[in-house]
Amino acid sequence: MFRYVRVICLRTNAPLPLTQLVPLTLILLLLSACGTRQLAPIPTPVKTAQSIDGTLFVDVTNTHLPTSDLQGFSMDARPVDVDGDGDLDVVIANEYRPNILLLNDGVGHFTNVSAQRLPQANHDSEDVGIGDLDGDGDPDIMIVSEDDQVNELYLNNGEGFFTEAGERLPVMGISNAVFVADIDIDGDQDILIGNNGQNVILINNGNAFFTDETAQRLPVVSDVTQDIELGDVDGDGDLDLLVGNEDGNRLLLNHGDGFFVDASEERLPPSQAAEETREADFGDVDGDGDLDILFANVRLFVAQAVPRNRLLINRGGGFFRDETRERLPEDRDSSFDGDFVDVDGDRDLDILTANLDDITGRRFHAPYRVYLNNGQGIFEESTSAVFPSGVTGNGFDIEVADFNGDNHIDLYLSSRGGPDRLLFWKPNHTGD
């Protein structure tokens, strides 16, 4: 999935060619047509020469983020314009601490307005979904929790002030993943939740009241799901479901209007070793017009798991082949996030990974890595050519958006135990 736009268009399988921030009404139209993970339309990057020191980004964390407020356990983040002022703010799922809302001043300086705008409660918050759930034209927030099994629904009043409405959600569970999209193609945004147990589909009545239609729409399966993604893998015009699990990932094909069947055995090659996946992503890395898959893997809870990321190539029609060895450098990082992003602006999809150094959050030395695409889906580790030195942490999430309004991609890096980081695209010193 193209993280800098975060919309996979069913018919074109390409990042939408947006050259500026578009009106919310247009974004919502795109969401209902294509499915979304966040409201963060980002311009297609334009190829720019590397800056004088050879890197493409500058770390502006200390000057642009309220760093003292970002020392908690950031698990996930989403860029979204909550207050309708035309710039992208940030919503952060904060584990066992109040969740965080950072307001953008328009040029990428962020202020923590959580206490004033977002209900404050301590939950085991894990993942964030964004969408206009009540149909009033502004983005709402859905956050799922794991250990305390509290799903949080926050409705926007139109000006970026949120009210808790969790009583509208008919389910609870040990949840690690959420995805907001129009599952039943009726024009409103539904919710998928990834659980330790049976995953769930909640169908929206149009006003953010939800019905549990899991039994009708999903196969009965008990997994330990860490991520869910939607994309049209077989080219039939509907959104299929990719499930990243702690052992044994799944591919569910959509048979129309949001009814899914498990096609994993015949279409998704299993790992040759134990695999513990924390993040899955879709993107066309080889330029052949269909969606390929990245699994970001760790070794944490699964004995003997091999923490090597995997790259699966779509051979057509949604049948995949594992081509990790041929295309992706060997790694032993525990990658809690892995995203397809055109990070260098050459119009192919590269890979960014967020990696973990210490689950306790006491050390922050794991690198965020960059793998550049040669244009044919072959990747080379190129972190030092893209990031400045010292971009490390306990990486849990990477978000790509134009935060400072310069029509280039920027990066928000969530680190469990802090500090989160903000990187801006660095203009060419000799003229951009």
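# Briefing: a sheet, a buried strand and a pocket

The model is predicted: local features need pLDDT of at least 70 and side-chain atom pairs count only at pLDDT 80 or more, whereas totals for chains, interfaces and linings use all residues. Residues are numbered from 1 along each chain as its sequence is written, and side-chain values use heavy atoms, with hydrogens and water left out.

- Strands are DSSP runs of E with at least two residues, and helices are runs of H or I with at least four, numbered from the N terminus.
- Two strands count as paired if DSSP finds at least two bridges between them.
- Strand 25 (residues 369-373) pairs with strand 26 in the antiparallel sense over three bridges.
- L372 stands opposite E380 in strand 26.

- Strand 8 (residues 152-156) is mostly covered, with five of its five residues buried (under 20% relative accessible area, with a 1.4 Å probe and protein chains only).
- In a regular strand the side chains alternate between the two faces of the sheet.
- E152, Y154 and N156 point one way from strand 8, while L153 and L155 point the other way, and all are buried.
- Strand 7 (residues 140-145) runs antiparallel to strand 8 and is joined to it by three bridges; M142 stands opposite L153.
- The hairpin of strand 7 and strand 8 has six residues between the strands, and Q149 takes a positive phi near 60°.
- Three bridges also join strand 8 to strand 9 (residues 162-164), again antiparallel, and T163 is the bridge partner of L155.
- Five residues lie between strand 8 and strand 9 in their hairpin, where G158 in the turn has a positive phi of about 105°.

**The largest pocket**

- A pocket is an open set of points on a 1 Å grid over the protein atoms alone where a 1.4 Å probe fits, with protein on both sides within 12 Å along at least five of seven lines; lining residues have an atom within 4 Å of a point.
- The largest pocket has a volume of about 380 Å³, the space filled by probe spheres set on the points.
- Its lining has 19 residues, of which S271, R308, R310, D322 and R325 lie nearest the centre.
- Helix 6 (residues 324-327) supplies the largest share of this lining, three residues.
- The lining divides into five nonpolar, five polar and nine charged residues, with Asp, Glu, Lys and Arg counted as charged, Ala, Val, Leu, Ile, Met, Phe, Trp, Tyr, Cys and Pro as nonpolar, and the others, Gly among them, as polar.

Key. Buried means under 20% relative accessible area, exposed over 50%, partly exposed in between (1.4 Å probe, protein chains only).
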